[in-house]
Amino acid sequence: MTVDAPAGDLVPAPERTPDEVLVAGEWRRGGGAPVETVDPATGRTLTVLAGADATDVDEAARRAATAAADPRWRGLPAHRRARLLHRIADLIEADADRISALQTADTGKCRAETLALAHSAAGTFRYTAAALETAEDAVTPARGDYVTMSLHEPIGVIGAITPWNSPIASDAQKLAPALAAGNAVLLKPAEWTPLVALALGRIVHRALTEAALPTGLLSVLPGPGAVTGDAIVRHPAVGKIAFTGGTRTGRALAHAAADKLMPVSLELGGKSPTIVLEDADLEQALAGVLFGIFSSSGQSCIAGSRLFVARARYDAFVGALVARAKALRVGPGSDPATQVAPLVHHRHRDSVAAYVDLARTEGAHVLCGGAAPEGERHRDGAYYLPTVLDGLPNSARACQEEIFGPVLIALPFDDEDDLVAQANDTVYGLACGLWTRDAARAWRLARRIDAGTVWINTYKQFSGSTPFGGMKDSGLGREKGRDGIRGYQRQKSLYWGTDGAPLPWAASR
């Protein structure tokens, strides 16, 4: 295992004092408890900001409702809203290097990945702008002397709650369609990683100001979920919650949304199977499986964390996989040579380590990794070595619960029915990877696996035009695609009489 990469440079100084949050277009100190964000590579504090409290949320929500109803926004034609989204994309692209460095410092991710995420966020705004300009309402078939129409209108105020593992991409995935739909947004980033969402907030604030639109359309409200997030979810002005994060929190949000009869979209956890069939291209499958679990240091809801290999190829494939996992370069995300960066926080690294210790008690064989890297250089960072386990039944807790780290569990299968039974034996249904040369078999298995997304001979590829979401405990609803905007609107039907004749009862007067 290569773990001797040099320590990276720190993030450039942010444009504004780091203790400010964005409350309805106004930059100020929040009224809540301090929020500390730490560089996972070094353990050093990047900044401490005062988080938003319930009073901040109340003001943000009330002013957001006013901004959403403002004729400058409510009456803005779709093509001009699209122009705003394109401007936001321009500003993200112009600032991509700084945003990338900021995200690497805040999350620990590799610079190549954070730069790609910044450009992905810009692409999300551009695609959404295009989808907005081509969106259509409908004149529906009438059954009398009237014209019937089906229209879409904004919900009003959206609460968007995003995770720490891919901040700017997750933020854009909610913010772009919510704005395109004509709403205002309260954006709550994860408590551990608030800096990128605040940087995006500055960009959107600038674009709104340039366009002479209400700046109260966006608030960025970092803070603890139990305080800030709860206040957003329960505020009477908030008409929808869009959440990406853990299943337990998502379930609680769904209950709160049900109490308000409010729509909610939930992109939750996963324990995704990645499957190597007998005829798979060995080199392609090895590279894909490694990337599927160890990129992002395994901190991905779609990580291919359960590996199923045909029994006839199991020993050879797992042996080659372990050799390559041992060779992955572990280091700070700011080093271009790094392949596996630190985890987001020391507490999360300890949680991953605890799962591996649990797997040991369940009978797992640790084929590689299973510990933090040794040595002075990595002592203060939240590092964990790429880990491959086997020897467990699929029923073991380590095979069933989301670890969210660089931990892969390998399991053999005997035939297609055995494979499908094991792959689907989980509460999750987010993603799946298939490695095979047999197109007919790939099609058949892709249809049998309970997963919202199935990759065949590739993994972790995304298109803004393709809907994304999960089944079972992996969530509700879909993001992306042409219909992504519709998820932030409500539908209205119009009936327009055309013959001027009175209704039947009117004649009886």
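# Helix packing and sheet architecture

In this predicted model, helix α3 (residues 78-94) packs against helix α6 (residues 167-180) at an angle of about 155°, and their axes lie 9 Å apart. The angle is over 145°, the cut-off for this class, and the two helices are therefore roughly antiparallel to each other. Altogether the protein contains 15 helices and 22 strands. The points below treat the helix pairs, the sheets, a hairpin and the overall dimensions.

**Packing of α3 and α6**

- The crossing of these two helices, α3 and α6, is right-handed.
- Helix α3 contributes Arg-81, Leu-85 and Ile-88 to the contact, while α6 contributes Ala-176, Leu-179 and Ala-180.
- By class, the contact of α3 with α6 comprises 5 nonpolar residues and 1 charged residue, with no polar ones.

**Packing of α14 and α15**

- Helix α14 (residues 416-424) and helix α15 (residues 439-448) pack at an angle of about 35°, and the distance between their axes is 10 Å.
- The crossing of α14 and α15 is right-handed.
- On the α14 side the contact involves Glu-416, Asp-417, Leu-419, Val-420 and Asn-424, which meet Arg-441, Arg-444, Leu-445 and Arg-448 of α15.
- The residues in the contact of α14 with α15 divide into 5 charged, 3 nonpolar and 1 polar.

**The sheet of 7 strands**

- An open sheet with mixed pairing is built from 7 strands in the order β14-β15-β16-β13-β12-β18-β19.
- Strands β14 (365-368) and β19 (453-456) form the edges, each pairing on one side only.
- From one strand to the next, the twist averages 25°.
- Within this sheet, strand β13 (residues 306-310) and strand β16 (residues 407-413) run parallel and are joined by 5 bridges.
- Val-309 has Pro-412 of β16 as its bridge partner.
- Helix α10 (residues 282-294) packs on the sheet, where it touches β12 (273-276), β13, β15 (387-390), β16 and β18 (431-435).
- The direction of α10 makes about 135° with that of β16.

**The sheet of 3 strands**

- A further open sheet has 3 strands in the order β5-β6-β22, with antiparallel pairing.
- At its edges stand β5 (138-140) and β22 (489-497), each with a single partner strand, so one side of each is left without a neighbour in the sheet.
- Neighbouring strands of this sheet are turned against each other by 30° on average, direction ignored.
- Strand β5 and strand β6 (residues 146-154) run antiparallel and are joined by 3 bridges.
- Thr-140 stands opposite Thr-148 of β6.

- Strand β3 (residues 34-38) pairs with strand β4 (residues 45-50) in the antiparallel sense over 5 bridges.
- Pro-34 stands opposite Ala-50 in β4.
- The two strands, β3 and β4, form a hairpin with 6 residues between them.
- In the turn, Gly-43 has a positive phi of about 80°.

**Overall dimensions**

- The radius of gyration of the protein is 24 Å, which agrees with the value near 23 Å that a compact globule of 509 residues would have.
- Along its principal axes, the C-alpha trace spans about 85 × 55 × 40 Å.

Technical notes: Residues are numbered from 1 along each chain as its sequence is written. This is a predicted model: local features need pLDDT of at least 70, side-chain atom pairs count only at pLDDT 80 or more; totals for chains, interfaces and linings use all residues. Side-chain values use heavy atoms; hydrogens and water are left out. Axes are lines fitted to C-alpha atoms, for helices over the stretch in contact, and angles run from 0 to 180 degrees between N-to-C directions. Helices (H or I, at least four residues) and strands (E, at least two) are DSSP runs, numbered from the N terminus. Angles under 35 degrees count as roughly parallel, over 145 as roughly antiparallel, 65 to 115 as roughly perpendicular and the rest as oblique. A crossing is left-handed if the near helix is turned anticlockwise from the far one by less than a right angle, and right-handed if clockwise. Contact means heavy atoms within 4.5 Å. Ala, Val, Leu, Ile, Met, Phe, Trp, Tyr, Cys and Pro count as nonpolar, Asp, Glu, Lys and Arg as charged, and the others, Gly among them, as polar. Two strands pair if DSSP finds at least two bridges between them. The radius of gyration is taken over C-alpha atoms; the globule rule is 2.2 Å times the number of residues to the power 0.38.
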